[in-house]
Amino acid sequence: MNSTSPKKMRVFISSLGKNPLEIALADAIIFHMIQLDDFDRAILRILQKDNRTPQQKIGNAVNLSAPSVQRRIRRMEAKGVIRTNTAVVDPALVDLALTIFVEVELVSETPTEIDAAKLAFRDAPEVQQCFYVTGEIDFMLVVVVQCMSAYEDFTRRMFFANENIKKFRTYVAMDAIKTGSTLNI
């Protein structure tokens, strides 16, 4: 089982269906495959603040050599713990100052229709984040656009042109108090 990647394991989990016991078991297997220790967690905390921190500086902070830090980072990248290294861009400074939260409810919730909605939302450049959720709605979107007319164009293309969208509800952000993707590791 150790030679199986977490990515392959997640594909296997999705093939199991919705049995909570099977999903919990598979999640436990993935957790044990990754086996993060205190050094890994300390490295992740530093990288989440600035992923360009030199490995020597990380090593000094966590009491490891730079080559050891490098091996650990590469292992965490290979295992999928570190998904990607990206720059966080200030939306207002690139003329995308309007952040909108959108609740979306589908007409039909068949697996085919849900998968089609997931793909459409994933591929829409205005959608910064998309969550398939439980409850009265099906999706929660974070949409970032230049202005309200750009959002109107988005709604016409994504919602009004799609017969499987039952309704959507829009919330415009007035101020961003806290944003980011840093995890409490």
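Start by selecting Gly135, in the hairpin of β2 and β3: this glycine takes a positive phi near 105°. The hairpin has 6 residues between its strands. Bear in mind as you click around that this is a predicted model.

Strand β2 covers residues 127–132, and it pairs with β3 in the antiparallel sense over 5 bridges. To see one of the pairings up close, pick Phe131, whose bridge partner in β3 is Met140.

Zoom in on Phe101 here and you'll find Val142 of β3 standing opposite.

How many of its 7 residues are buried? The count is 6, so the strand is largely enclosed by the rest of the structure. While the side chains are showing, a handy rule: in a regular strand they alternate between the two faces of the sheet.

Last stop, the helices. Select α4 (residues 55–62) and α5 (residues 66–78); their axes come within 8 Å and cross at roughly 100°. That's why α4 counts as roughly perpendicular to α5. Show side chains where they touch: α4 brings Gln55, Gln56, Ile58, Gly59 and Val62, while α5 brings Ala66, Val69, Gln70 and Ile73. Colour this contact by class and you get 5 nonpolar and 4 polar residues, with no charged ones.

Technical notes:
Residues are numbered from 1 along each chain as its sequence is written. This is a predicted model: local features need pLDDT of at least 70, side-chain atom pairs count only at pLDDT 80 or more; totals for chains, interfaces and linings use all residues. Side-chain values use heavy atoms; hydrogens and water are left out. Axes are lines fitted to C-alpha atoms, for helices over the stretch in contact, and angles run from 0 to 180 degrees between N-to-C directions. Helices (H or I, at least four residues) and strands (E, at least two) are DSSP runs, numbered from the N terminus. Angles under 35 degrees count as roughly parallel, over 145 as roughly antiparallel, 65 to 115 as roughly perpendicular and the rest as oblique. Contact means heavy atoms within 4.5 Å. Ala, Val, Leu, Ile, Met, Phe, Trp, Tyr, Cys and Pro count as nonpolar, Asp, Glu, Lys and Arg as charged, and the others, Gly among them, as polar. Buried means under 20% relative accessible area, exposed over 50%, partly exposed in between (1.4 Å probe, protein chains only). Two strands pair if DSSP finds at least two bridges between them.
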